[in-house]
Amino acid sequence: MKHSNPRLPLLPMEPYYRTVVWGGEAIFAFKGEEARGSAIGESWEVSDLEGCESLVSADGKEFAGTLLSELCRDHAEALLGRRLLNVRMTRFPLLIKIIDAEKELSIQVHPDDYMAYRRHGSSGKTEMWYTLSAADDACIYSGLQRSVTPEALREHIANGSVMSLLAKFRPVPGDYFYLPAGRIHSLGHSMVLEIQQPSDITYRIFDYNRPGLDGKPRSLHIDEALEATDFRVHEDYRRHREPIPGREQVLQECPHFIATVVNFDNAPVSIAVSRYTSPRVLVATAGEGRVTDDLGNTVHLRRGHTVIVPATTPEVTLIPDTPDFEVVTAYIP
């Protein structure tokens, strides 16, 4: 691992696009780009998971084309910061996706850190969804709506009625859902920004008896899912926020990440970075504008596009070029 270069520039990212059985083509329209295929359900904006890696885009100056994993290896301290490097991190600590669920995701659940490490040698998968768009028939399942035993849950899975146990919502932009490991969930006919731990471990509970892309039924993971599931019933599955122009709002704070959002009143907004000793990911969720650091590096940021701000950058200034410019950020507490 190298520790060269005390500073890195802003890093605009090129995503990894993932084809899935429930995907569509809306991600490209959202980004203002030509479609690059059908059934594209996920745009992995920031990822160093092997086989699904994002890289620095052509606007990234001397680092254009560099994989995120290579930056973590060769410029670890400049990118991640000494705190994360010394404490626990040798890879990028977040996985950021745009998800287009043209059809329904499987009913699924993710393991916590303990179970994921014991079974897979991996981190767990706590995540959140920030709603970007929703069709009239959009739905999100998030958590149990009533108490149920593991045995009863298994019976409902077997007879195809598991959805009747889940809290169901019709999402609208501005809604967001915190999905800690263990919370059963699904999504359909909508687009979300997903902020999560860097893990791709999913236990499918029910998949509507549909074939996968290869024409064969997709695997279910019932025993693992029952072990992972949090059987508690909660009251705060959905959260909604109204924009407050000119300031940064915290959406979600948990041990694995802090997510915030910035709206504008025609004036720039500055955000501290190195003060939190963590890299910060910026995703434009509406409109367009610019991101500028203290060295004068500037990146144009438009809807559906992402910039990583290295941990050693003191602060950045977000400058709106359209009145609807909105930026969601994520960093490590």
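Q: How many bridges join β15 to strand β20, and in which sense do the two strands run?
A: In this predicted model, β20 covers residues 315-320, and one of the pairings to β15 sets V269 against L318 of β20. A further pairing places S270 opposite T317 in β20. The two strands run antiparallel, and the number of bridges that join them is 4.

Q: In what order do the 4 strands of the open sheet that includes β15 and β20 stand?
A: The edge strands are β15 (269-272) and β18 (298-302), each of which pairs on one side only. From one strand to the next the twist averages 25 degrees. With antiparallel pairing, the order of the strands is β15-β20-β17-β18.

Q: Which residue of β20 is the bridge partner of D293?
A: Strand β17, made of residues 288-293, pairs with β20 in the antiparallel sense over 5 bridges. D293 has its bridge partner in β20, and that partner is V316.

Q: Which residues make up the uncovered face of β20?
A: In a regular strand the side chains alternate between the two faces of the sheet. In β20, the covered face holds V316, L318 and P320. The uncovered face of β20 is made up of E315, T317 and I319.

Q: Which strands stand at the edges of the 7-stranded open sheet?
A: The pairing in this sheet is antiparallel, and its strands follow the order β4-β1-β19-β16-β21-β14-β13. Each edge strand has a single partner strand, so one side of each is left without a neighbour in the sheet; these edge strands are β4 (55-56) and β13 (248-253).

Q: Which residue in β21 stands opposite V262?
A: Strand β14 (residues 258-263) and strand β21 (residues 326-331) run antiparallel and are joined by 6 bridges. Opposite V262, the residue that stands in β21 is V327.

Q: Which parts of the chain does the salt bridge between K97 and E42 tie together?
A: The side chains of K97 and E42 meet at 3.8 Å, N to O, a distance that counts as a salt bridge because the cut-off is 4 Å. K97 is buried, with a relative accessible area of 1%, and E42 is also counted as buried, at 7%. The two partners lie 55 residues apart in sequence, so the parts tied together are strand β5 (residues 95-101), which holds K97, and strand β3 (residues 40-46), which holds E42.

Q: Are D236 and R239, which form a salt bridge, buried or partly exposed?
A: The closest N and O atoms of D236 and R239 are 3.0 Å apart. The relative accessibility of D236 is 35%, while R239 has a relative accessible area of 24%. Because buried means under 20% and exposed means over 50%, D236 counts as partly exposed, and R239 is likewise partly exposed.

Q: Which residues is F30 in contact with, leaving aside its neighbours within four places in sequence?
A: F30 lies in helix α1 (residues 26-31) and counts as buried at 9% relative accessibility. With those sequence neighbours left aside, the contacts of F30 are I98, L132, M191, T285, R303 and G304.

Q: Which residue caps the N-terminal end of helix α5?
A: Helix α5 spans residues 113-120, and just after α5, G121 takes a positive phi of about 65 degrees. At the N-terminal end, a side-chain oxygen lies 3.3 Å from the backbone nitrogen of Y114, and the capping residue that supplies this oxygen is D112.

Key:
Residues are numbered from 1 along each chain as its sequence is written. This is a predicted model: local features need pLDDT of at least 70, side-chain atom pairs count only at pLDDT 80 or more; totals for chains, interfaces and linings use all residues. Side-chain values use heavy atoms; hydrogens and water are left out. Two strands pair if DSSP finds at least two bridges between them. Axes are lines fitted to C-alpha atoms, for helices over the stretch in contact, and angles run from 0 to 180 degrees between N-to-C directions. A polar contact is a pair of N or O atoms within 3.5 Å; within protein, one must be able to donate a hydrogen and the other to accept it, and residues adjacent in sequence count only if both atoms are side-chain atoms. Buried means under 20% relative accessible area, exposed over 50%, partly exposed in between (1.4 Å probe, protein chains only). Contact means heavy atoms within 4.5 Å.
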